Amino acid sequence: MAPLYREDSPLLGPSAAEAAGTAERASSTSSSIRKPSSEADEAGSTTSQPEFGNIEDDVLPEESVLGRNIDWKSAYIIAISRVIGSGIFAVPGVILTSVGSVGLSLSLWVLGAVVVACGLAVSLEYGCMLPRSGGDKVYLEFTYPRPRFFASTMIAVQAVLLGFTASNCIIFSQYVHFVFDVETRDFSKKALAVGLITVITIIHGCWYRAGIRIQNFLGWIKVGLVLFMVLAALYVVLFRPEQEGLGNERVGIRDWDGLWEGSDWNLGTIATSLFKVFYSYAGLSNLNNVMNEVKDPVRTLKSVSLTALVTACFLYLLANLAYFAVVPVDEIKQSGQLVAALFFERTFGPNVGKRFLPLAVALSAAGNVMVVTFAVARLNQEIARAGFLPYARYLSSSKPFNAPMGGLIVHYIPSVLVIALPPSSEVYSFILEVEGYPGQVFALATSIGLIWLRYKRPELKRPFKAWIPAVIFRSLLCLALLAAPFFPPSHPKPGGLFYATYAIVGVGILVFGVVYWLVWTVILPRLGRYRLEEKPDVLDDGTAITVLTRPETYERPTSAHKVHITDVSGREAEFTLDGNGFQYYRHTAQEKDFADDDHIKAVYYPETEQLLKDVTGASKIFIFDHTIRRNPADQRAAADRSRALRGPVNRVHIDQTYSAALSRVPHHLPAEEAAELLKGRVQIINVWRPIRQVLRDPLAIADASSVGEEELVAIPLIYPNRRGETFAVRHTPAHRWYYKYGLDTDEVLLIKCFDSKTDGRARRVPHTAFADPNTPDGTPSRQSIEIRALVFHPDDRD
């Protein structure tokens, strides 16, 4: 099976004797999947107490499984199609009913757009700074890595308990009842809504491909209906035909009288109405969730998000103006979620307007339920795969119909409960409010976190920077919205839910998340005297999962193999990058201390680029990271030092597989430039330099020609939100191992991790640190820096 070499049984070798001595290395005898402690350690380092939640840990992608296939047009559809849903058909009437006046209703839509724009600016800065799939999950885990697992647990709880799609089920039920003039009894409304989510769950769980075809068909109906409604709105607002409405009463100008009459300025009422506005704009940051698949992600994210925001604001304001211009205010207040139905009826008459167009709205809502159910089920499955749900093995499985049945069930249960439990007359508003309230907590966390990162991590590259006053405004408004629901309304509804019920439920969900985290990650481990570790596993259907479990329950079997390691002192010139996969090169660096990242990037990066050009003849170098190694790996967590300081990697490895190496190019460089550079020769070369003379844990390299392709085993790296890949190496006696004793600071070791050329020259070289048994006690630990660089030869296209 696929061997990985363990740190507690390291590769050993002689200290200085050429062609003398033996070494041992332990290899795993089982298929091994692991989570590295950082991107730079993906090739083989592991820790006894792995950090979790840092961007360096589990966010930087080696490659996207699907590749970067989302262009600008597709990205725009992902954002705007998620925004335009039941909100445009139902929410305006609900808000007018709550606030009492047209003027205040329109003002809240404008204020909501401003707040959404401020929130979008926060998402844009995060998304451009950390262009990784996962959205708020990535941002919160990066900003708040402590307490361990806390941010991930809270995101998981919110996704599972608040990831329901009940609101569009309610809209479907109400519009169907309206179309067929069925008496709107509480039971029939809820039964039809529950029936819809049940049928959709069965379709997605049993007939995977059929479900996709159905939701695509309904999606086109939705797009067509929205376009038709926009044209109707333009017709009404711009031309304002002097037609008569139902009952021979004229519509239009009469309805604008008393714009602010009946306004309810109660803070709680305004807060609940704003939650509904936010719900209607939800999805503007949807692109942040799939950044690993977006072409030229930073530039696309900026332009698409801003374009979608302008589009949504324009359409929503136009739709509201159309409703108020056509339907009398009193009828809108009575209609609740049926305002679009009344609009169509008054615009197109009792046949087309009341039958066919509202039925299209119902089908549009059903299509939205199908899409959201499909996506949320996949999200639930990924949360289970990452180990954050109980019974993860069952909920992660795609058996028996190759569909996420476990994720569908996790989504189905809270959806049904939230449809069935509240009173039918208030269920839609309750759903929007209970979804929106905990969202303000996460919005506040990201806003404050963004300001904190400006101070804490100023070195991070920020292609987009949010206006700080806008971020502060958003933070203050989040605090106001969190407090507002507890202010009694001016005119409470008799017999309705308690006015702060949704806030209490939202707080309860958050408290449940905290308690779940405390019990699961703190109390039980302390009582049992163990520490949670991430154990990789593979299900019978091939699904790779991560199980969070006690470390003693996971031990990989190992076996020892003796190898011979040759000291190359005096023979350094015999070894070359193309001939052997590694090369020693004498070079004195201007940088000496290697203590400051900014100084390293400003001074050491340029001289290393020139070094690589001199050695390889390449015309373009792109350095994508560096790693400083000063402490033994098992002391990193205890020392709580910078993540840039790591110990030696005592594990035979090659940093990337061939496909993972090539994926680096479009990941780091603009799409057009990457496509052109990929037409030529591409290499990844590590420049390994001692910071002081190496007398402990030297680096051993296997001659590339002695390691066959059949001995390389691609090892998936399974993360909570992505999949990477590195090469492990099967042991054979034919491997030829080399190192140099006492490598000094004016010498560098060039290690070829990848070469796109397949003409017989060395393409990759296995390497590892090893513990020399002859090293005297008290010998200082190894200090070294390695630069990893993409090396391009654009003219070499043969």
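Predicted model: local features only at pLDDT ≥ 70, side-chain atom pairs only at ≥ 80, totals over all residues.
You can find D296 in the loop between α10 (267-281) and α11 (297-326). Take a look at its backbone too: phi of D296 is near 45°, a positive value in a residue other than glycine.

## Another aspartate to visit

Is D697 buried or exposed? With a relative accessibility of 15%, D697 counts as buried.

## A cis peptide bond

Next, let's look at a peptide bond. R146 and P147 are joined by a cis peptide bond, with omega at about 0°. P147 sits in the loop between α5 (136-143) and α6 (150-161).

## A buried arginine

Our last stop is R763, found in the loop between β15 (747-755) and β16 (767-771). R763 is buried, yet it has no salt bridge. Which side chain of opposite charge is nearest to R763? That is E709, 5.3 Å away, while a salt bridge needs the atoms to be within 4 Å.

What does the side chain of R763 reach at 2.8 Å? It is the backbone oxygen of D755. The side chain of R763 also reaches the backbone oxygen of K757, at 3.2 Å. Leaving aside residues up to four places away in sequence, R763 touches several others, including Y658, K752, F754 and T758.

Conventions. Residues numbered from 1 in each chain as written. Heavy atoms only, no water. Helix = DSSP H or I, 4+ residues; strand = E, 2+ residues; numbered from the N terminus. Buried < 20%, exposed > 50% of the residue type's maximum accessible area, 1.4 Å probe, protein only. Lys, Arg positive; Asp, Glu negative; His and termini not counted. Polar contact = N/O pair within 3.5 Å; in protein donor to acceptor, adjacent residues only side chain to side chain. Contact = heavy atoms within 4.5 Å.
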